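Hi,

Here's the structure I promised to pass on. Have a look at it first, then read on for what turned up.

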Amino acid sequence: MNLSFFLGECKNRISHYKLLILTLFLLFLISTMCGIIIIKPTLIIQFCHGYCENYMYKVFSLESGIFSVLISRCIGNALFLAVVCLSSTVIFVFPLQIFAILYRGFIFGVEIFILFAYYTVGGFFVVILLLLPQAILCGGILIFSTPFSLECGLTTFQTRSLEHMRGFLPWLAFFGTICLFSALLEFFTVLIFFKPFALIL
């Protein structure tokens, strides 16, 4: 199996489940906009502000190890990938994957709000160069994996067997590779474009 096979199959599934994909994409956009514009509870603001502050420290500070960014992103992506794996095994867990899409979009919106409000220019570049690509890749994995996990979960439920999971494992590896690529993309972007500013400042 090569990359063209996976891309071709993704295209076929997207075409077959275009209404589902479009709906989930719109839900992701709506949840992102909600994270930006609606009034958030103080607890959520405090939590996300603490996360953004810690993230900015990892990105710009020389005292923070560069590999902490990579490790944090790998762990975060692995958790989202675990949701995909669960929903493909137990169909009743599938709504959790939809919730993960809404959650990822909402948190991304809150991060945009906080970084623009508190970190101005620096926050703008962090959003554009770091968080936006991560949101697109991670959100894309959650959205475009839904036809595969849905089909696998339904088949597993109907046959009462995990045998069909064998056919899903290559896809899980494919989506996992994208997760690793997104983490490496963030790592090298921080290393090349952001850490040098810490030396200047």
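At what angle do the axes of helix H2 and helix H6 cross? Keep in mind that this is a predicted model. The answer is roughly 120°, with the axes of H2 (residues 18-37) and H6 (residues 146-159) coming within 10 Å of each other. Angles of 65 to 115 degrees would count as roughly perpendicular and those over 145 as roughly antiparallel, so this pair is called oblique.

If you want to see where the two helices meet, find Leu 20, Ile 21 and Leu 24 on the H2 side, and Thr 146, Pro 147 and Leu 150 on the H6 side. Sorted by class, that contact has 5 nonpolar residues, 1 polar one and no charged ones.

Next, zoom in on Glu 111, which sits in helix H5 (residues 94-144). Glu 111 is buried, yet it has no salt bridge. Which side chain of opposite charge is nearest to it? That's Arg 104, 4.4 Å away. Leaving out residues up to four places away in sequence, Glu 111 touches Tyr 51, Cys 52, Arg 104 and Leu 131.

Last stop: Ser 61, in the loop between helix H3 (42-60) and helix H4 (67-89). Is Ser 61 buried or exposed? Its relative accessibility is 13%, so it counts as buried, the cut-off being under 20%. With residues up to four places away in sequence again left out, Ser 61 touches Met 56 and Lys 195.

Cheers

Definitions and conventions. Residues numbered from 1 in each chain as written. Predicted model: local features only at pLDDT ≥ 70, side-chain atom pairs only at ≥ 80, totals over all residues. Heavy atoms only, no water. Helix = DSSP H or I, 4+ residues; strand = E, 2+ residues; numbered from the N terminus. Buried < 20%, exposed > 50% of the residue type's maximum accessible area, 1.4 Å probe, protein only. Lys, Arg positive; Asp, Glu negative; His and termini not counted. Salt bridge = Lys/Arg side-chain N within 4 Å of Asp/Glu carboxyl O. Contact = heavy atoms within 4.5 Å. Axes fitted to C-alpha atoms, helices over the stretch in contact; angles between N-to-C directions. Parallel < 35°, antiparallel > 145°, perpendicular 65-115°, else oblique. Nonpolar A, V, L, I, M, F, W, Y, C, P; charged D, E, K, R; others polar.
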